[in-house]
Amino acid sequence: KFNIELSRCHVILSKENSSEESVEIVAHFKGHVFVAHDNSSIFEKSVANSVAKLSIQLKKQHDKIIGH
């Protein structure tokens, strides 16, 4: 979406306790590391929230690169 070529992306899913599920996404791009994480009662919500947070970070980096 932002024309950024990620070299690596790790998604870590963990269950913290019986009611909390955690997602962490670590993405690598040309010397930069982007990390987004979220906790909620279901993995799907945690994944969606983490992806949204990561998208915000990537958009900021994209805007910085193209000078806007």
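Predicted model: local features only at pLDDT ≥ 70, side-chain atom pairs only at ≥ 80, totals over all residues.

Reply: Residues are numbered from 1 along each chain as its sequence is written, and side-chain values use heavy atoms, with hydrogens and water left out.

Me: What makes the pattern of the chain along the sequence?

Reply: The pattern reads β-β-β-α. The chain has one helix and three strands. Helices are DSSP runs of H or I with at least four residues, strands are runs of E with at least two, and numbering starts from the N terminus.

Me: Why are the eight residues called a nonpolar core?

Reply: The set is Val23, Ile25, Ala27, Phe29, Phe34, Ala36, Leu54 and Leu58, the largest nonpolar core. A core takes buried Ala, Val, Leu, Ile, Met, Phe, Trp, Tyr and Cys residues joined through side-chain atoms within 4.5 Å. Buried means under 20% relative accessible area (1.4 Å probe, protein chains only). Therefore these eight qualify as a core.

Me: Which elements give two or more residues to this core?

Reply: They are β2 (20-29), β3 (32-40) and α1 (43-66). β2 gives the most, with four residues.

Me: What does Alanine 27 touch?

Reply: Leaving out residues up to four places away in sequence, Alanine 27 touches Leu6, Arg8, Cys9, His32, Val33, Phe34 and Leu54. Contact means heavy atoms within 4.5 Å.

Me: How many of the 68 residues count as buried?

Reply: The share is 29%.

Terms used:
Buried < 20%, exposed > 50% of the residue type's maximum accessible area, 1.4 Å probe, protein only.
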